[in-house]
Amino acid sequence: MLILIGDGSSKRTEYFLKAADKLGVPVHVITWEDVFAGFDYSALEGAVVKIDPPSYKITDLEIMHESLLIYQDILKRMSSCGCRFLNTPEAILRVLDKREAKKELIKHGIPVTNMLLDNVDSADRLLDFMRCSKEYSLFIKPVNYSGAAGVLAFRLNPVNGRMKLYTSCMLKDGKLYNTKKLSAIDNSKEIISIIDKLAGKDNSGSMPGLIAEKWHPKDSFNGKSYDLRVVFQFGNVRHIVVRQADGPVTNLHLNNNAMDFKDLNLPENITDSIVETCQRTAGAFKGLDVAGIDVMLDRGSRKPRIIEINGQGDLIYQDIYSANKIYTEQVNMLSRKEMLL
């Protein structure tokens, strides 16, 4: 039996089921609503299971963190259900933790955006580090949020101390909210408050923790910087989307531009390097059949670097609205007899 755990009304579920219907493969859907309400995990025994992420409508980042803790606990419970997974719960958990995932990639010698601090606990300590290290441009990221939630692109002027912050966060009445709009903030007091709040300085345990990464200059195309979302599954690259932006954060839900990878017209050796780096990245995590891998190319050399890896990053609108190849391949692979227990 093939089981999909997901949201009943999501595009992920809709197009996975369309792929299954086209191939004549029956799929049983278990919704996250049912899982959160209380779920008999023995129902998964002997099945082949794909776990899609819950679709949160939460904007309060503290509540989002609490929900993620519940989600992580459920994944841990599912890991001992006696079934076979498309991406094991353990693998999803490992790459959900940006700090540990980055350390694992570094251990395997895979080029990454450099993690300069693995624990940012306050704005004061962050500013001290920036001044001492002379690293005046950083990306600051929550350890386990996704979709640019809580991501900060931060610059400090070393001469006059002025600050600039790019983020989709909004601070209101002492709470941080995630939005779908990238804002540029230059008020130092507000910036420090956002960093302190996100770091959990005033509310220990209510936020997931922060890491700080070097702000590497990205390659550009037609005057705009870009990076890549690569869907890598079953040992091969299945789709690459170029995410192009005027600002430093390229996530497509922030009204950035998506373009076809072939339009970049990159030399073959650069494309081969991207593919090889993604192969090594996915191979570093046991149990990860499918990955959404975010890759940047260094400005000038076009050397690929892994920004981060998403164990549930396979939803590509350009694919589902055309051939739906990604989900069709998943259904085909999962329905094969050798995938069954």
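A residue is called buried when its relative accessible area is under 20%, exposed when that area is over 50%, and partly exposed in between, with a 1.4 Å probe and protein chains only. Helices (H or I, at least four residues) and strands (E, at least two) are DSSP runs, numbered from the N terminus. In these terms helix α10, residues 325–334, has seven of its ten residues buried, so this helix is largely enclosed by the rest of the structure. The buried residues of α10 are Ile 326, Tyr 327, Thr 328, Glu 329, Gln 330, Val 331 and Leu 334.

The model is predicted: local features need pLDDT of at least 70 and side-chain atom pairs count only at pLDDT 80 or more, while totals for chains, interfaces and linings use all residues. Residues are numbered from 1 along each chain as its sequence is written, and side-chain values use heavy atoms, with hydrogens and water left out.

The chain as a whole comes next. It holds ten helices and 16 strands. Its radius of gyration is 20 Å, close to the 20 Å that the globule rule gives for 341 residues, so the chain is as compact as a globular protein of that length. The radius is taken over C-alpha atoms, and the rule is 2.2 Å times the number of residues to the power 0.38. Along the principal axes, the C-alpha atoms fill a box of roughly 65 × 50 × 35 Å. Of the 341 residues, 53% count as buried. Contact means heavy atoms within 4.5 Å; among contacts in the chain with a separation of 6 or more, 64% come from residues 24 or more positions apart. The chain exposes about 15,600 Å², and carbon and sulfur atoms supply 47% of that area. Accessible areas come from the Shrake-Rupley method with a 1.4 Å probe, and for residues only the protein chains shown count as cover.

Two strands pair if DSSP finds at least two bridges between them. Strand β14 (residues 257–260) is joined to β13 by four bridges, and the two run antiparallel. Here Gln 244 stands opposite Asn 257 of β14. Strand β13 covers residues 236–245, and seven of its ten residues are buried. On to β12 (residues 224–233): β12 and β13 pair in the antiparallel sense over nine bridges, with Val 231 having His 239 of β13 as its bridge partner. The two strands form a hairpin with two residues between them, and Phe 234 in the turn has a positive phi of about 55°.

Strand β12 is also joined to β15 by six bridges, again antiparallel, with Gln 233 opposite Val 290 of β15. Strand β15 (residues 290–297) has eight of its eight residues buried. Both of its faces are covered: Val 290, Gly 292, Asp 294 and Met 296 lie on one side, and Ala 291, Ile 293, Val 295 and Leu 297 on the other. Six bridges then join β15 to the antiparallel strand β16 (residues 304–310), where Arg 305 stands opposite Met 296. The hairpin of β15 and β16 has six residues between the strands, and Gly 300 in that hairpin takes a positive phi near 100°.

Most residues other than glycine have a negative phi. Asp 173, which is not a glycine, has a positive phi of about 55°. Asp 173 sits in the loop between β8 (163–172) and β9 (175–185) and counts as exposed because its relative accessibility is 75%. Asn 265 also has a positive phi, near 55°. Asn 265 is placed in the loop between β14 and α8 (268–283), and at 66% relative accessibility Asn 265 counts as exposed.

Two further strand residues remain. His 28 lies in strand β2 (residues 27–31) and is partly exposed at 41% relative accessibility. Its C-alpha atom is separated by 6.3 Å from that of Leu 2, 26 residues apart along the chain. Not counting residues up to four places away in sequence, His 28 touches Met 1, Leu 2, Ile 3 and Leu 4. Phe 85, in strand β4 (residues 84–86), is buried at 8% relative accessibility. Phe 85 and Leu 61 are 24 residues apart in sequence and 30 Å apart in space, C-alpha to C-alpha. With neighbours within four places left aside, Phe 85 is in contact with Val 49, Ile 51, Met 78 and Asp 289.
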